[in-house]
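Thanks for coming. I will walk through one structure, helices to begin with and then the sheet.

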Amino acid sequence: MNQHSRFDLPLCLAVEEDAFLHSDDIIKRYIPDLIGQKTVIISEQNLIDIYRDKINDISHDFGDAEIIAMKSASFDEAVAIAKRVCIEEIRIIIGFGGGRVLDTAKYAAHISKAAYICMPSSLSNDSLASPFAVLETENGARRTLECKIPTAIIVDTNMIISAPEVQTLSGIGDTIAKHTALRDWKISAMKTGSRTEDFAYALSRMAYDSVYHCDEKDMKSRVFIRILSRALVMGGLAMEIAGSSRPCSGSEHLFAHAIEEYYPQVRISHGIATAMGSVPACIFQKQDPEGLVQFFRTYKLCIAPSAYGITEDMFADMWEKARTVRPGRITILDDTPYDRVQLGEIYRMMEETR
Ligand SMILES: [Zn+2]
């Protein structure tokens, strides 16, 4: 990994109430050079239908920017958008939506070298500011591709508060997953004689701490949304600084990837899957998972596998698959022998949290 290479930081991180109603003022304040440049807005049809007024308002603020409804979060779609951006000499791409839209817009901006303004409609994971985009390549297969981080990130707290609760819960799960991810990073560094990038480590740790130790327990409050937004962005920047996803992704993410790749019929969002994975990961790492379990209970984030249709056999198989799903990623799983009895006990303990 490019541990000693340069890294970028966004020029603007605005987390404000009704930020989308004056996004042009925000950009004028931080990056005046971008004002008046040809702009395109990437979103999805269902979001355009729901948030028509907001998106039209943003379009108006950016010189009647064209609104494109993307069809798939795929490599081909990102390349097609990038092609248009280059040919039509568009300088700014605005991504308005959830993870799928933001990853596609981010990658299109990366290829076309356009400035990228990230406007999340929900906070479901930490990819909004990360140097990676997850896109479909061929036959439904998905790849994680390196790319540039956003030029600007604008979070409208009112928008996030009105987003479906499960998406915010997913963002919470992806943040709490950093606990076991960071431990796995240390384990891997120790084994390979490499080192964890201190600043990236601290940033990710602080992102986790700010949410885990948050006094505000109402996830629909402005205070909580502000803290969660910043935590997710800091997680992304930790990956940018480390030049890898290690500060935010360990064995709990391998578990989530195993579900995504081998059990696509299981309907569980990324962040919830990593939350579910963090409890067994904690146990494998010989840490007490009780704090995490209590935290999830407080925010009503359900980690009982059966709530998502995951049986005990599937659960055990997911952990078996997690070992091989990302070859080369060293985690506690490399030192944890497959123990069907222990996995059964963990499964039943997690069921009892329901
Ligand atoms: Zn994640």
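Please look at helix H7 (residues 165-176) and helix H9 (residues 198-212): their axes come within 9 Å and cross at roughly 130°. An angle over 145 degrees would count as roughly antiparallel, and 65 to 115 as roughly perpendicular, so H7 is oblique to H9. The crossing of H7 past H9 is left-handed. Keep in mind that this is a predicted model.

Which residues make the contact? From H7 they are Ile-172, Thr-175 and Ile-176. H9 supplies Ala-207, Tyr-208, Val-211 and Tyr-212. By type, this contact of H7 with H9 has six nonpolar residues, one polar and no charged.

Now the sheet. It is open and has six strands, in the order S1-S8-S5-S4-S2-S3, with parallel pairing. At the edges are strand S1 (12-16) and strand S3 (66-69), each pairing on one side only. On average, neighbouring strands in this sheet are turned by 15° against each other, ignoring direction.

Let me take one pair from that order. Strand S5 (residues 115-120) and strand S8 (residues 152-156) run parallel and are joined by two bridges. For Cys-118, the bridge partner in S8 is Ile-153.

Helix H1 (residues 23-30) packs on the sheet, where it touches S1 and S8. The direction of H1 makes about 145° with that of S8.

Last, helix H5 (residues 99-112). What does H5 lie across? It lies across strand S2 (39-43), strand S4 (92-97) and S5, and runs at about 170° to S4.

That is what I had; questions are welcome.

Key:
Residues numbered from 1 in each chain as written. Predicted model: local features only at pLDDT ≥ 70, side-chain atom pairs only at ≥ 80, totals over all residues. Pairing = 2+ DSSP bridges. Helix = DSSP H or I, 4+ residues; strand = E, 2+ residues; numbered from the N terminus. Axes fitted to C-alpha atoms, helices over the stretch in contact; angles between N-to-C directions. Contact = placed C-beta atoms within 7 Å. Parallel < 35°, antiparallel > 145°, perpendicular 65-115°, else oblique. Left-handed = near helix turned anticlockwise from the far one by under 90°. Nonpolar A, V, L, I, M, F, W, Y, C, P; charged D, E, K, R; others polar.
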